Amino acid sequence: GSGPFQVIAKWATAFNSLYPEAEITFSSVGSGAAQSALWGDVDCETRPVEGLCGIASKARSKARSTIWGIGDAPFQPSAYTEHSKLQLQQYPACAGAVVVAHSRDVLTGNLGTAALGSEEDEEDIGGVNLTFDLLAGILNGTIQYWDDPKLVTQNADITLPNEPITVVVMAESSGQSFILTKAVGFHVPSWPETAIGAFPEWPLTDIKPLEQHSASCSSDDVFSMNTPPSFKGQGKEGVVMGLLRIPYSIGYMELGHYQTGLSAFLGQAKLSHKNDEAVFCSATERAVQATMNELAKDMDPVTLDVDLTTGTVDGGYPVSGWAYWYVSHNPDSYDSCYQAWLLAQFIEWSYTNPQAAAIASQHGWISPPQSVVDIALNRLQDITCRNERGDIVSALSYVPEPYQFDMNYLEKSHRIVAWTLASVILASSVLFMLWVMWRRNTRVVRASQPVFLLLICFGTLMTGSAIFPLGIDDGIASDTGCDIACMSWVWLIPCGFTITYSALYSKIRRLNMLVQ
């Protein structure tokens, strides 16, 4: 899924450092596409999905191209029956919040000119206060202007502009759309059921592709119709682009993405609390943690689903949700027990390794509380595979053969040949030095200048001796010995080269001067 993509990318890198044999393939797509790929419902001919269709079978337009996924929307109840052969299971991976964001001109009167992440705009610009009734009114088109009396009442300390509100939503199935609409539906009973889900039917009269909006259009040109247009962008990047380009717009994105410097360019709406509509809260990691801890006890024991949008704890944030691992418990879903074992190890690592929690926190996501982790680890035993004898076993109980690291050691024969040639170089250099010293008073040697000849021999001796440390690795030497070898050849080769060619250059230079 696109929401927790940055987290899973860093997790994969960290896990791969422990298990270098693991080849983890993932793509940044919506949660709906991540789920569909698990059972092969991705049509790469008529409805291609970037990232997935590149790894799907080229022989068929539809192909089950993945064995796992992760996204911020749970499986629909119908998925368990429609794809019962896969024995689908989801595991809470981490929790995050969906930020209701709006363009900065709602508060500042302009969209801003500073470069993203520049020092000119380092501070958050704040945001408007919204009750869920007001948010629902904006999302269904009944509240069309920022200075609507209902909005003004909740934002007495802000001068809201007399400008139409443009709504920007995600064009594809997304877990962030699911979390937002689920929260609105919980707090606003009149919100239609068809407008709840990863791909909701937004109750807006006119939703245009973001590409139809031109940044060069004036505000009067864009809003010359009776109802302000709404736009749909591709993924969270499309929503962000819309909010940055379209004046007086409002949309949504996950907290981790908002924290990547966008808080200086987009306002974050503060949402009212169900228990007290006079209390407004922002999306923060602490608020998500409070909501997650409150509802951990309500986790479904079968599907492991937890609806965080129903949270009412003080200090919590109501538009929060889990990112889930999507896996299959069918042993035939995996090419080998080793593959299933690596997947189970990856999920277990994400629950138990402190580094995984730290990575999630860096990107605005929170690791599950221990009570949820205990249940998830127990259910991991249900990931099964077929061993070499064809028996069905738990992936975690499978014992793979120890992984053999290829240390790329030098072949013994290569080392012998190299060191033999190096010995020839050293012996020749020494012999020539002795010969020059012995014959230094003869006319020919004196004419050739013995000092230069000795320097050339000494330079070749140093350069050739570098072959010996280059032939040393930790297969035959200790760490200290390898450190010495690595440092010595770096000095031997440049020094030997400099001595040899400085002598040659000096000799040629002197001859040139004599000829002239």
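Good morning. Helix H17 and helix H19 are roughly antiparallel to each other, a label given to angles over 145 degrees, while angles under 35 degrees count as roughly parallel, 65 to 115 as roughly perpendicular and the rest as oblique. H17 covers residues 450-465 and H19 covers residues 479-515. The two helices pack at an angle of about 155°, and their axes are 7 Å apart. Axes here are lines fitted to C-alpha atoms, for helices over the stretch in contact, and angles run from 0 to 180 degrees between N-to-C directions. Helices (H or I, at least four residues) and strands (E, at least two) are DSSP runs, numbered from the N terminus.

A word on the basis of this talk. This is a predicted model, in which local features need pLDDT of at least 70 and side-chain atom pairs count only at pLDDT 80 or more, whereas totals for chains, interfaces and linings use all residues. Residues are numbered from 1 along each chain as its sequence is written, and side-chain values use heavy atoms, with hydrogens and water left out.

To return to the helices, H17 passes H19 in a left-handed crossing. A crossing is left-handed if the near helix is turned anticlockwise from the far one by less than a right angle, and right-handed if clockwise.

Which cysteines form a disulfide? They are Cys337 and Cys385, whose sulfur atoms are 2.0 Å apart; the criterion is a pair of cysteine sulfur atoms within 2.5 Å. In general, a disulfide is a covalent bond between the sulfur atoms of two cysteines. The structure holds one such link. With 90° about the S-S bond, the link of Cys337 and Cys385 is right-handed. Distant parts of the chain are joined by this pair: Cys337 belongs to helix H12 and Cys385 to strand E12 (residues 384-386), 48 residues apart.

Are these two cysteines buried or exposed? Cys337 counts as buried because its relative accessibility is 3%, and Cys385 counts as buried at 0%. Buried means under 20% relative accessible area, exposed over 50%, and partly exposed in between, with a 1.4 Å probe and protein chains only. Two further cysteines may be mentioned. Cys457 is buried at 11% relative accessibility, whereas Cys495 is partly exposed, with a relative accessible area of 31%.

I turn now to the aromatic residues. How many aromatic pairs does a search of the whole structure find? The search finds 17. Rings of Phe, Tyr and Trp (its six-membered ring) pair if their centres lie within 6.5 Å; planes under 30 degrees apart count as stacked, over 60 as edge-to-face and the rest as tilted. One of the pairs is Phe15 with Trp349: the ring centres are 6.2 Å apart and the planes stand at 65°, so the pair is edge-to-face. Phe15 lies in helix H1 (residues 5-18) and Trp349 in helix H12 (residues 337-352), so that distant parts of the chain, 334 residues apart, are linked. Both Phe15 and Trp349 are buried.

Another pair is Trp39 with Phe75, whose centres are 6.0 Å apart and whose planes are at 45°, so this pair is tilted. Trp39 lies in the loop between helix H2 (31-38) and strand E1 (68-71), and Phe75 in the loop between E1 and helix H3 (77-82), so the pair ties together parts that are 36 residues apart in sequence. Phe75 is buried, at 5% relative accessibility.

One aromatic cluster includes Phe15 and Trp349 again, among them also Trp11, Tyr19, Trp68 and Trp325.

Two arginines lie over aromatic faces. Arg415 lies over the face of Trp419, at 5.9 Å from the ring centre, and Arg439 over the face of Trp438, at 5.4 Å from the ring centre. A charge sits over a ring if NZ of Lys or CZ of Arg is within 6 Å of the ring centre and within 35 degrees of the ring normal.

Finally, two backbone details. Leu304 has a positive phi of about 60° although it is not a glycine. Leu304 lies in the loop between helix H11 (285-295) and strand E11 (320-328), and is buried at 0% relative accessibility. Gln87, also not a glycine, has a positive phi near 50°. Gln87 lies in the loop between H3 and strand E2 (88-103), and is partly exposed, with a relative accessible area of 41%.
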